[in-house]
Amino acid sequence: MQKRVAFVLALALAFTAVAGARALEPVNKSLFGVAIGGADPVAYFSEGRFVEGSRKFAADWNGASWRFASAANRQRFLAEPERYAPRYGGYCAYAVAHGYTAKIDPEAWSIVEDRLYLNYDKEVRARWSKQQGEFIEQADQNWPGLLSGE
C-alpha cells in the first residue's frame, strides 16, 4: 500500500513538473474556449464599457471563440484583431508584469495608448493604474517567456 501511495505521489509530482513547463495558451479562455469571459472586445473601445457578447455574433481567432454584441463589432474585430484583442492574451496584465498569469474579471479593464488591458479584479486594476507604464514595460519583457513556458 505504501509503495502504491509513493508511486502515485511521484507520478503526480512528475505530471506537475511537466505541466509547469508547458507553453501557455496564447489566449486566456474558458473551459469552453470562450475568450475574455464572453465580453465584446470592440465595445471597450467603441462604448467605453464592458458589454457582454453574444454566441450569435461569435468568431474564432487565435485558438479561442470571441463574442460580440453585434455583427458590426465582429467585423471590426476580424478586420483588425490585434488592435482590439487584449494584451497578453487576455490574462491579467498586473500578474504578467509580476511574472505569472491569472484569470481576469472582464469588468476590470483599462485602455492605455489604444491597447486593452485586463486585470484580475477592480482592486488589482486600481494597483495597476498607479504604475501602468512601469507595469506595461515589465509585462512586455515577461510575456514572451510566459507564453513559451520558459
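In this predicted model, Ile-36 is found in the loop that lies between helix α1 (residues 2-21) and helix α2 (residues 41-46). Its backbone deserves a friendly second look: most residues other than glycine have a negative phi. Ile-36, although not a glycine, has a positive phi of about 40°. Ile-36 is also buried, since its relative accessible area is 1%, and buried here means under 20%.

A second residue with a positive phi is Asp-114, at about 65°, and again the residue is not a glycine. Asp-114 has its place in the loop between strand β3 (residues 105-112) and strand β4 (residues 115-119). With a relative accessible area of 40%, Asp-114 is partly exposed, a class that covers the values between 20% and 50%.

Attention now turns to a pair of helices. Two packed helices are described by the angle between their axes and the distance between the axes. For helix α6 (residues 122-130) and helix α7 (residues 132-148), the axes come within 5 Å and cross at roughly 95°. Angles of 65 to 115 degrees count as roughly perpendicular, and α6 and α7 are therefore roughly perpendicular to each other.

On the α6 side, the residues that meet α7 are Arg-127, Trp-128, Ser-129 and Lys-130. Their counterparts in α7 are Gln-132, Phe-135 and Ile-136.

Key:
Residues numbered from 1 in each chain as written. Predicted model: local features only at pLDDT ≥ 70, side-chain atom pairs only at ≥ 80, totals over all residues. Heavy atoms only, no water. Axes fitted to C-alpha atoms, helices over the stretch in contact; angles between N-to-C directions. Helix = DSSP H or I, 4+ residues; strand = E, 2+ residues; numbered from the N terminus. Parallel < 35°, antiparallel > 145°, perpendicular 65-115°, else oblique. Contact = heavy atoms within 4.5 Å. Buried < 20%, exposed > 50% of the residue type's maximum accessible area, 1.4 Å probe, protein only.
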